[in-house]
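Here is a friendly walk through one model. Please keep the viewer open as you read.

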Amino acid sequence: MMEKTLRSYEDLFVLLDQKFRVPEQFWNPFYTDRERPVPFFKNAPDENLVSYYERNLIHPGKALDLGCGPGRNAIYLAQQGFEVTGYDISSVAVQWAKERAEQRKLQVQFECRSALEMEVVEHYDFIYDSGCLHHLLPHRRIQYLDKIYDALKPEGYFGINCFRPSFGEQGGPAREMTDWEVYEEGTMNGGMAFSEEKIRYILEPYFECIEFRAVKETDSDEVFGVPFLWGSLWRKK
């Protein structure tokens with residue numbers, strides 16, 4: 001009976017987790033077919049990430065890419081001289097990312113682990129999230145942001161791309177849900193969309209906003225950009 005007794009916040013989080021699909025059950029099959037017409041399977045970095053580097057908003061140092069997928073943003077950062085670690089919950093995605101890095105003879109430490117398993121052993125100059133937060137259950141979001149804050153060096157930078165509302169026909173969520181609705185309905189319906197107001201409300205206790213804008217749509221093979229994402233850059237307070 002003790003294993004079903006709540007004694008800590010983590011016990012409560014695990015209880016809430018059990019009401020939803022296990023993430024690995026979705027993401028491993030998702031990444032198995034590399035020829036699927038998924039826009040972000042393209043091996044090109046986010047256009048806003050490239051913009052941050054080219055405008056000297058971020059500088060080479062220790063970087064962590066959360067929800068790295070097949071490694072496109074981690075690889076770009078490594079090419080610019082960053083010391084990069086990439087986490088993804090899908091072992092299939094991590095294997096693909098390792099192959100891409102090896103093809104370019106780049107040293108990137110890819111690990112199959114959840115962003116919630118982040119270890120604050122080394123502090124990072126830059127942490128990047130391109131599509132991780134909007135797949136986290138709301139009760140895990142608090143834990144996630146606390147871990148990022150602790151893992152960043154003083155005045156370190158956090159970049160995040162997440163779903164914008166009202167882009168269901170172009171690849172984003174069909175509708176914007178409140179956190180309450182997630183638990184009432186028992187689903188995130190493929191990911192949560194956030195208004196600018198909500199993102200600021202969530203992040204401003206931790207970070208100062210440096211830039212907030214929509215990701216620019218692009219057909220370039222050199223960068224990735226779709227209009228249903230917000231791209232923003234923040235500095236640790």
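The report below goes from the sheet to its helices and then to one serine.

## Ground rules

The model is predicted: local features need pLDDT of at least 70, side-chain atom pairs count only at pLDDT 80 or more, and totals for chains, interfaces and linings use all residues. Residues are numbered from 1 along each chain as its sequence is written, and side-chain values use heavy atoms, with hydrogens and water left out.

## The sheet

An open, mixed sheet is formed by 7 strands in the order E3-E2-E1-E4-E5-E7-E6. Strands are DSSP runs of E with at least two residues, helices are runs of H or I with at least four, and both are numbered from the N terminus. Two strands pair if DSSP finds at least two bridges between them. E3 and E6 (207-214) are the edge strands, each pairing on one side only.

E4 and E5 (residues 152-163) pair in the parallel sense over 6 bridges. Tyrosine 128 stands opposite glycine 159 in E5.

## Two helices crossing

The axes of H2 (residues 23-32) and H5 (residues 91-103) come within 7 Å and cross at roughly 40 degrees. Axes are lines fitted to C-alpha atoms, for helices over the stretch in contact, and angles run from 0 to 180 degrees between N-to-C directions. Asn28, Tyr31 and Thr32 of H2 meet Ser91, Val92, Ala93 and Trp96 of H5 in this contact, where contact means heavy atoms within 4.5 Å.

## Serine 114

Serine 114 sits in the loop between E3 (108-112) and E4 (124-130). Serine 114 is buried, at 17% relative accessible area; buried means under 20%, exposed over 50% and partly exposed in between, with a 1.4 Å probe and protein chains only. Leaving aside neighbours within four places in sequence, serine 114 is in contact with Tyr87 and Ile89.
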